[in-house]
Number of protein chains: 2
Amino acid sequence: MTPNPITGEVLLRERTPSSQADLIREMQAIGQRARKAAAMLALASAEAKTSALRATAAAVQANASAILAANARDLAEADGEDLAPALRDRLALDPKRLEAVAAGLEAIAALPDPVGRSLARWMRPNGLDIERVSVPLGVIGIIYESRPNVTADAGGLALKSGNAAILRGGSESFYSSRALVTALAEGLRTASLPQAAIQLVPTRDRAAVGLMLGMNEYIDVIVPRGGRSLIERVQRESRIPVIAHLEGICHTYVDGAADPKKARAVVLNAKMRRVSICGATETLLVDRNIATTLMPQILADLRTAGCELRGDAAVRTIDPAVLPAAEEDWRTEYLDAILSVAIVDGVEGAIGHINHWGSHHTDAIITEDEAAAERFLREVDSAIVLVNASTQFADGGEFGMGAEIGISTQRLPPRGPVGAEQLTTYKYLVRGNGQVRP
Amino acid sequence: MTPNPITGEVLLRERTPSSQADLIREMQAIGQRARKAAAMLALASAEAKTSALRATAAAVQANASAILAANARDLAEADGEDLAPALRDRLALDPKRLEAVAAGLEAIAALPDPVGRSLARWMRPNGLDIERVSVPLGVIGIIYESRPNVTADAGGLALKSGNAAILRGGSESFYSSRALVTALAEGLRTASLPQAAIQLVPTRDRAAVGLMLGMNEYIDVIVPRGGRSLIERVQRESRIPVIAHLEGICHTYVDGAADPKKARAVVLNAKMRRVSICGATETLLVDRNIATTLMPQILADLRTAGCELRGDAAVRTIDPAVLPAAEEDWRTEYLDAILSVAIVDGVEGAIGHINHWGSHHTDAIITEDEAAAERFLREVDSAIVLVNASTQFADGGEFGMGAEIGISTQRLPPRGPVGAEQLTTYKYLVRGNGQVRP
C-alpha cells in the first residue's frame with residue numbers, strides 16, 4: 001500500500017481495481033459518500049467553509065515540500081512517456097506556483113458566500129410570499145487534464161459554493177493532485193466538514209471517466225476542463241447535465257474611430273500575452289477606413305512579436321507579406337502565435353463576421369465612438385463582449401471571482417466565467433397562512 | 001392544398017413530405033428561418049413585443065369561430081382514434097378556454113420585459129466596468145403533447161423573452177395549433193416582427209421530432225412538455241440542451257404544531273383540487289404526535305372526496321380501512337385520486353422521507369411552529385418548498401409569471417416554474433479604456 005505523501009491517509013491510496021466490477025463498486029461508493037457529504041455541506045455555515053478554505057491554503061504552504069515531491073514523481077513518470085513540452089510545463093509545480101495555489105484559495109475564502117442569497121422576493125395578491133434563494137448544485141464531477149492546480153481551484157470553488165466534488169484529474173498529475181486533495185481534506189477536517197466533500201478518483205484507470213458520466217444518481221453536474229476531444233466525448237456520452245467549455249474563437253475589431261495607441265497596445269496584448277488560453281484573440285478585424293493608416297502599424301507590432309499573419313485579399317493588397325487566409329482560418333482556434341486578419345465595413349461588418357464565424361466566447365471592439373461601442377455590446381452574441389480592453393481578460397480571476405472552473409460557452413446559465421456563484425442554483429421558498437388554490 | 005382556417009396562408013399548410021430527404025430539407029429550412037428571426041427578435045423593443053402579444057390576443061378573440069372549427073376537426077379525427085377521455089378533454093377548446101388563452105397572452109404582454117435587465121454590475125481595481133445583462137436564449141424547440149393552449153402559452157412566452165420558437169405540437173391537436181399559430185403570426189405582423197419567429201412544424205410525421213433533436217446548429221434549447229416517456233426520449237436522444245420537466249412526487253407534511261383547520265383545508269386541496277397536475281400531492285406525511293388526533297379527520301375528508309388511501313403499518317394500525325402501501329408507492333406519481341400516507345417522527349423525519357423518496361419538485365409543511373417551518377424550507381431539497389399552502393400553487397401563473405412553459409425539475413437553472421424570465425440567459429459587457437492584461 002502506497003502511503004499518502006502527507007498524512008499516510010488510507011482513503012486516498014491509489015487503487016488498481018482488479019476487475020471492472022471492482023471499479024464499478026469503487027465508483028458507486030465514491031458517489032454515495034459524495035451525496036451524503038453534499039447534503040451536509042449544503043447546510044454548512046459560511047464561516048465553516050471559509051475556515052476550511054483558509055486551513056487548506058495553510059496546509060498547502062505547510063506541506064509544500066511534500067506536494068513538490070509528489071509533483072516530482074509525476075514529472076519523473078512523465079519523462080518515460082515523452083510528454084510534449086507544453087504539457088510538461090502545465091504539469092510542473094514550483095514554490096512560486098504553489099504560492100499562487102494558496103493565494104487562490106485565500107481569494108476564494110474571501111469571497112462573499114454564494115449560498116442562501118435572496119435573489120428575488122415578491123408577494124402575491126393572495127398573500128403568498130415567494131422568495132428565490134441560491135442553493136448549491138449538489139455533487140459536481142470535474143474531469144480535467146494535466147494541470148494539478150485545477151485540483152485546488154475546482155475543489156476550492158466547489159467547497160465555497162457548498163457542493164461536494166468528485167475530481168478526476170489527468171493521470172499524468174495523479175500524485176500531485178492527490179497531495180493537493182490531502183491538503184483540502186485537512187482543511188475540511190479543521191472546519192469539521194466531511195472529508196468526502198472533495199474526493200479524488202483514486203485510480204488512473206480511464207474507464208473511471210465513462211463510469212462517472214453514467215452516475216446520474218450521484219452526480220448532478222459534470223464539468224469537463226481540457227481539450228476539445230475531452231469535452232466532445234463528455235458531451236456525447238454524459239447522462240448528466242454538462243457545463244461545457246468549448247473553444248474560444250475570439251475577435252478584436254479595430255474601428256475607424258479607435259485611438260491608435262490603445263488599439264496597438266490592446267491588439268498586441270490580446271493576441272500575444274499568452275497565445276494558448278481560450279481568451280486569446282484569433283482573428284483581427286479592421287475597419288476599411290483605417291486599413292492603410294493604422295493597420296500597418298498594428299501588423300508590424302505583431303510581426304515584431306513573432307506572430308504569423310494570415311489575411312484576406314484586401315489585407316494582402318495592402319501588405320503582400322501577409323499569408324493568404326483560407327475559409328478554414330475564420331473558424332480556427334490557433335492557440336498559437338498565428339492571427340487571421342480581415343478588413344470589414346465598419347461595426348456592422350464586424351458584428352456580421354463575429355456572429356457568423358465566432359464561437360460566442362469573447363470579442364472586443366476598440367473605438368472612441370460611443371454609439372459604435374454600444375451597438376457592438378448589444379449585437380455581438382457572445383458570453384463576454386469588451387470595449388477598449390484585451391480579450392485576455394476573459395478569466396474568472398480577472399472578473400473578480402477569485403478563481404474559475406472554466407469559461408462556459410453554452411447559452412443556458414452558467415454562461416461565461418464559472419466561479420463559485422455560478423456553481424449554485426436556486427429554489428423557491430413560499431410562505432403562506434393556509435392558502436388553497438381555487 | 002388545404003387552405004389555412006384563418007388566413008389561407010400558404011406557409012402553414014400541412015406538408016406530407018414524400019421522402020425522408022424532403023422532410024430533412026423542410027426542417028433545415030425551418031431552422032434557418034428561426035435562426036434569422038431570433039437575431040431580429042433579440043434586438044426588438046419591449047414595445048414591439050408587447051404590441052405583438054396584444055395583437056395576438058385580439059386575433060384569438062376575433063377568430064374564435066375559425067379556431068373552434070379547427071379544433072372540431074381535430075376532435076372529429078380523434079373520434080376515429082379512440083382517444084382516452086382525459087386526452088380528449090385536454091384537446092378540446094371551447095369559448096371559455098379560448099378566453100383564457102387570450103387572457104394568458106394579455107398577462108404575458110403586461111409582464112416587465114425580461115431582456116436587457118442589468119443583473120449585476122461592478123468595477124475592477126484596473127478600471128474595467130463589468131456588467132451582466134439578460135439576453136434571449138436564441139431558438140427554442142418546444143415539443144408537446146395534445147393540449148393546444150400550449151401553442152399559445154409557449155409561443156407567447158418565447159416572443160416575450162425575445163426567442164424564436166419552433167413548435168412541434170401533438171399530432172392530435174394539429175389543426176387547433178395551426179389556427180393558434182396563425183393568430184400569433186398576425187400578432188407578429190402587426191408589430192412588424194418576423195413571422196418566422198414562431199413556426200409550427202407543418203407535418204404530423206413523427207420523424208420530425210427526431211430531426212429537431214439533432215438540429216444543434218439551429219436550436220439552442222429543447223423544452224419537452226408531456227408525459228414521462230416523451231421527456232425521457234428527448235433527454236436520451238437530444239444533442240441540444242434540454243429543459244426537462246419530469247414527475248412531481250409532491251409531499252404535504254402535517255406537523256404536530258399544525259393548525260387543524262388549515263391542515264384539513266390545505267391537504268384536501270393539495271390532493272384533490274386537480275389530481276392530474278404535477279403539483280398535486282402524492283404522499284401525505286403526518287407527525288406521530290397528531291396521528292390519532294388530527295390524522296383521522298384529514299383521512300375522513302379525503303375519503304369523502306373519493307380518494308383512495310394507501311398507508312404504512314403505523315397508519316393502518318390507527319385506521320385499518322387504509323390499504324397497505326408497498327415500497328413502490330413512495331416513489332409513485334399517481335396523477336389520480338390515490339394518496340400514500342406515512343407517519344414520521346417530526347420535521348426531521350419528514351425531511352428525511354422527502355429528500356429520499358421525492359422528486360425534488362414541490363413539497364409543503366403545515367405548521368404554526370416557525371422554527372420547524374424554517375428548517376423545512378432550508379433542508380428540503382426541492383425546486384419549490386411551501387409553508388402553510390397547497391402544493392397545487394406550483395404553477396408559473398400562480399407565481400405571477402403570467403404563464404409557464406412547465407416546471408423544470410433539473411438542478412441547473414432554470415429550476416422550478418419556467419416563465420418568460422427563465423427563458424433568458426445573460427452575457428457580460430465589459431467597458432474599458434485601453435486596459436491590457438499584465
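B:Leu83 touches B:Ala78, B:Arg88 and B:Glu172, leaving aside residues up to four places away in sequence. The model is predicted. B:Leu83 sits in the loop between helix 3 and helix 4 of chain B. B:Leu83 is partly exposed, with 17 other C-beta atoms within 10 Å. B:Leu83 and B:Glu172 are 89 residues apart along the chain, yet their C-alpha atoms are separated by 9.3 Å.

**Helix 3 of chain B**

Helix 3 of chain B covers residues 64-79. Those 16 residues, at 1.5 Å a residue, should span 22 Å. The end C-alpha atoms are 22 Å apart, which agrees.

Which residues of helix 3 of chain B are buried? They are B:Ile67, B:Ala70, B:Asn71 and B:Asp74. Seen down the axis of helix 3 of chain B, the buried residues fall within an arc of 95°, so they line one face of the helix. An α-helix has 3.6 residues a turn, so residues three or four places apart point the same way.

The face of helix 3 of chain B turned away from the buried side carries exposed residues: B:Ser65, B:Ala76 and B:Asp79.

Two packed helices are described by the angle between their axes and the distance between the axes.

| Pair in chain B | Axes come within | Crossing angle | Handedness |
|---|---|---|---|
| Helix 2 and helix 7 | 7 Å | roughly 140° | right-handed |
| Helix 2 and helix 6 (residues 149-160) | 9 Å | roughly 160° | right-handed |

Take helix 7 of chain B to begin with. Its axis and that of helix 2 of chain B cross at roughly 140°. The two helices are therefore oblique to each other. The contact is made on the helix 2 side by B:Ser51, B:Ala52, B:Leu53, B:Ala55, B:Thr56, B:Ala59 and B:Val60. Helix 7 of chain B brings B:Ala183, B:Leu184, B:Glu186, B:Gly187, B:Leu188 and B:Thr190.

Now helix 6 of chain B. Its axis and that of helix 2 of chain B cross at roughly 160°. That makes the two helices roughly antiparallel. Helix 2 of chain B contributes B:Lys49, B:Ala52, B:Leu53, B:Thr56 and B:Val60 to this contact. Helix 6 of chain B contributes B:Ala152, B:Gly156, B:Leu159 and B:Lys160.

**Helix 14 of chain B**

Which residues of helix 14 (residues 370-379) of chain B are buried? B:Ala372, B:Ala373 and B:Phe376 are. They cover an arc of only 100° around the axis, which puts them on the same side of helix 14 of chain B. The buried residues pack against helix 13 (346-357), strand 12 (362-366) and strand 13 (384-389) of chain B. The face of helix 14 of chain B turned away from the buried side carries the exposed residues B:Glu370 and B:Ala371.

**Where the chains meet**

How many residues of chain A are in contact with chain B? There are 51, in contact with 51 residues of chain B. On the side of chain A that touches chain B, the elements giving two or more residues are helix 10 (260-272), helix 14 (370-379), strand 13 (384-389) and strand 16 (424-435) of chain A. Strand 16 of chain A provides the largest share of that side, 11 residues.

Conventions:
Residues numbered from 1 in each chain as written. Chains lettered and ligands numbered in written order. Predicted model: local features only at pLDDT ≥ 70, side-chain atom pairs only at ≥ 80, totals over all residues. Helix = DSSP H or I, 4+ residues; strand = E, 2+ residues; numbered from the N terminus. Expected span 1.5 Å × (residues − 1). Buried ≥ 20, exposed ≤ 12 C-beta atoms within 10 Å, placed from the backbone. Arc of directions from axis to C-beta. Axes fitted to C-alpha atoms, helices over the stretch in contact; angles between N-to-C directions. Parallel < 35°, antiparallel > 145°, perpendicular 65-115°, else oblique. Left-handed = near helix turned anticlockwise from the far one by under 90°. Contact = placed C-beta atoms within 7 Å.
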